[in-house]
Amino acid sequence: DVQPSPCQPNAAVSEPPHREKPGGFRYSELKARVMAALKASGVGMTGGFPIVFKAILMLTVWAAIYTATVFFGSSSLLAATAGTILLSLTTLVLEMGVMHDASHGSAARGFWVNRILRWTMPFVGVSSSNWHHKHVVAHHGHTNIEGGDPDIQTGGVLRFHEGAKWH
């Protein structure tokens, strides 16, 4: 059997079943309910200034740690180790805390602000087009659906779905 690529849904998984279950409600209804709840609570759809500020701050911290690691890392194993650990943590916060929201268009109201924040991905070695197809399209389009959600396909290392084989 040839397994469908999670990045190119075929007819079997093109309409996510979790969006239309018997007795359930459609995606459009869920979205309308979420929007109404956000509006009623006064919570916005985007992160706005705090996320943009966090992005600028994290990029500045990342650049400072990178520069310090390049200049001082070669003279001391401790400096190189500390720089590598701090750089890794800063990259994680930047990418998962800023880029993730920007890739969904929810970091800021402006399209171009989200696009610019998304451009931090290649800066630290992540493909933005691969992320978009694997996370935004495949994962969110087929959340927790075996054969459609790449986030639950681990090649047998972990078991995230009841249909996955025990190894």
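Where in the protein do W62 and Y66 lie, and how many residues apart are they? Both belong to helix α2, 4 residues apart, which is about one turn of the helix.

## The model and its confidence

This is a predicted model, in which local features need pLDDT of at least 70 and side-chain atom pairs count only at pLDDT 80 or more, while totals for chains, interfaces and linings use all residues. Residues are numbered from 1 along each chain as its sequence is written, and side-chain values use heavy atoms, with hydrogens and water left out.

The predictor's confidence in each residue is given by pLDDT, on a scale from 0 to 100. Its mean over the protein is 77, and 84% of the residues reach 70 or more. Among the helices, confidence is highest in α2 (residues 49–72), at a mean of 88, and lowest in α5 (residues 120–123), at 76. Over residues 1–23 pLDDT stays under 50, and for this stretch the model has 29 contacts beyond four places in sequence, a contact being heavy atoms within 4.5 Å. Where pLDDT is low, the predicted coordinates should not be read in detail.

## Overall organisation

The protein has 6 helices and 0 strands, so that its elements run α-α-α-α-α-α from the N terminus on; helices (H or I, at least four residues) and strands (E, at least two) are DSSP runs, numbered from the N terminus. Of the 167 residues in the protein, 24% are buried, where buried means under 20% relative accessible area, exposed means over 50%, and partly exposed lies in between (1.4 Å probe, protein chains only). Among contacts with a separation of 6 or more, 54% join residues 24 or more positions apart.

Helix α2 has 24 residues and reaches 34 Å from its first C-alpha to its last, close to the 34 Å expected at 1.5 Å a residue, the expected span being 1.5 Å times one less than the number of residues. Its buried residues are I51, A55, M58, W62, I65 and T69, and what covers them includes α3 (77–103), α4 (111–118) and α5. An α-helix has 3.6 residues a turn, so residues three or four places apart point the same way.

The largest nonpolar core has 8 residues, namely I51, A55, M58, L94, V98, A102, A107 and L117; such a core is a set of buried Ala, Val, Leu, Ile, Met, Phe, Trp, Tyr and Cys residues joined through side-chain atoms within 4.5 Å. Helices α2 and α3 each supply at least two residues of this core.

## Aromatic pairs

The structure holds 3 aromatic pairs, and rings of Phe, Tyr and Trp (its six-membered ring) pair if their centres lie within 6.5 Å, with planes under 30 degrees apart counted as stacked, over 60 as edge-to-face and the rest as tilted. W62 and Y66 form a stacked pair, at 5.3 Å centre to centre and 5° between the planes. W62 is buried because its relative accessible area is 10%, whereas Y66, at 42%, is partly exposed.

F111 and W112 form an edge-to-face pair, at 5.4 Å centre to centre and 80° between the planes. F111 is partly exposed because its relative accessible area is 48%, while W112 counts as exposed at 52%. The charged end of R115 sits over the ring of W112, 5.6 Å from its centre, the criterion being NZ of Lys or CZ of Arg within 6 Å of the ring centre and within 35 degrees of the ring normal.

L59 is found in helix α2 and counts as partly exposed, because its relative accessibility is 28%. Leaving aside neighbours within four places in sequence, L59 is in contact with L94, T120 and F123. The C-alpha atoms of L59 and T91, which are 32 residues apart along the chain, are separated by 8.7 Å.

In helix α3 lies E95, which is buried because its relative accessible area is 5%. Residues up to four places away in sequence not counted, E95 touches H100, T120, M121, V124 and V126. S88 also has its place in helix α3, but S88 is partly exposed, with a relative accessible area of 43%. The C-alpha atoms of S88 and I65, 23 residues apart along the chain, are separated by 10.0 Å.
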